[in-house]
Amino acid sequence: MPRIGGIVVAVVGFFLVGCGKSAAPTADSPATTASSTTSGTFDKNAARAEILGADSAFVRAMMAKNVDSLMPYYDGSVVSMSEGTKAVKGPRDVRAAYNQAVRANPRDLTFESGGVNFSDDGTMAWDYGTYSSTANDAKGKPVKSSGNFLNVWKRVDGHWRIVAEISNSAGTP
């Protein structure tokens, strides 16, 4: 795979992906919807909506190339991996990877969510699906890419945060 392929995969792999639908959360703040009902039972539908809303807000922030707006979605213990790159650990290194990724001018992102699943106790979740995007190579030439993703979420202080993410390239669409 050419170097740009790894960069495009990293661009997509380093940010949350989902259905791409517009949602109530802004790109500047994570969703704050509770995932529990007043009786204390876990509400999968509310949690699923919160995660997909966070995915959507995160994508908007990435398209705006606003790295500061991306970071609230990560837990301090995050591990991020994408094809052709070394594992990135912790918010500082994830931020550095995003700063590099936005220089490639990511655009034309499309996503198809395969679903959101939850642990039995509702403290962990994972979403997965496919993506395609365009980003510039080192010479400024647009390069299209597509692939798959998996994000692992953890409920922390009432919010869903990514603790692990991985993506791989399926080649050019």
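Trainee: Which residues do ring pairs link into a cluster?

Mentor: Rings of Phe, Tyr and Trp (its six-membered ring) pair when their centres lie within 6.5 Å; planes under 30 degrees apart are stacked, over 60 edge-to-face, and the rest tilted. Here, ring pairs join Phe-58, Tyr-73, Tyr-74 and Tyr-98 into a cluster. This is a predicted model, in which local features need pLDDT of at least 70 and side-chain atom pairs count only at pLDDT 80 or more, while totals for chains, interfaces and linings use all residues. Residues are numbered from 1 along each chain as its sequence is written, and side-chain values use heavy atoms, with hydrogens and water left out.

Trainee: How many aromatic pairs are there by this rule, and what is the geometry of Phe-58 and Tyr-73?

Mentor: The count is 6 aromatic pairs. Phe-58 and Tyr-73 are edge-to-face, at 5.3 Å centre to centre with 70° between the planes. This pair links distant parts of the chain: Phe-58 belongs to helix 2, and Tyr-73 to the loop between helix 3 and strand 1, 15 residues apart.

Trainee: Are Phe-58 and Tyr-73 buried or exposed?

Mentor: Burial is read from relative accessible area (buried under 20%, exposed over 50%, partly exposed in between; 1.4 Å probe, protein chains only). Phe-58 counts as buried because its relative accessibility is 0%. Tyr-73 is likewise buried, because its value is 0%. Ala-61 is found in helix 2 and is buried because its relative accessibility is 0%. Ser-113, in strand 3, is partly exposed because its value is 26%. For the chain as a whole, buried residues make up 47% of the 173 residues.

Trainee: What is the secondary structure of the chain?

Mentor: Helices (H or I, at least four residues) and strands (E, at least two) are DSSP runs, numbered from the N terminus. The chain has 4 helices and 6 strands, in the sequence order α-α-α-β-β-α-β-β-β-β.

Trainee: Which residues have the most contacts inside the largest nonpolar core?

Mentor: A nonpolar core is a set of buried Ala, Val, Leu, Ile, Met, Phe, Trp, Tyr and Cys residues joined through side-chain atoms within 4.5 Å. The largest one holds 24 residues, and those with the most contacts inside it are Ile-51, Tyr-74, Val-94, Tyr-98, Phe-118, Trp-153 and Trp-160. Elements that give two or more residues to this core include helix 4 (90–102), strand 3 (107–118) and strand 6 (159–171). Helix 2 gives the most, with 7 residues.

Trainee: Which residues does Ile-51 touch, leaving aside those up to four places away in sequence?

Mentor: Contact means heavy atoms within 4.5 Å. Under that exclusion, Ile-51 touches Val-116, Phe-118, Ala-125, Asp-127, Trp-153 and Trp-160. Among the contacts in the chain with a separation of 6 or more, 65% come from residues 24 or more positions apart.
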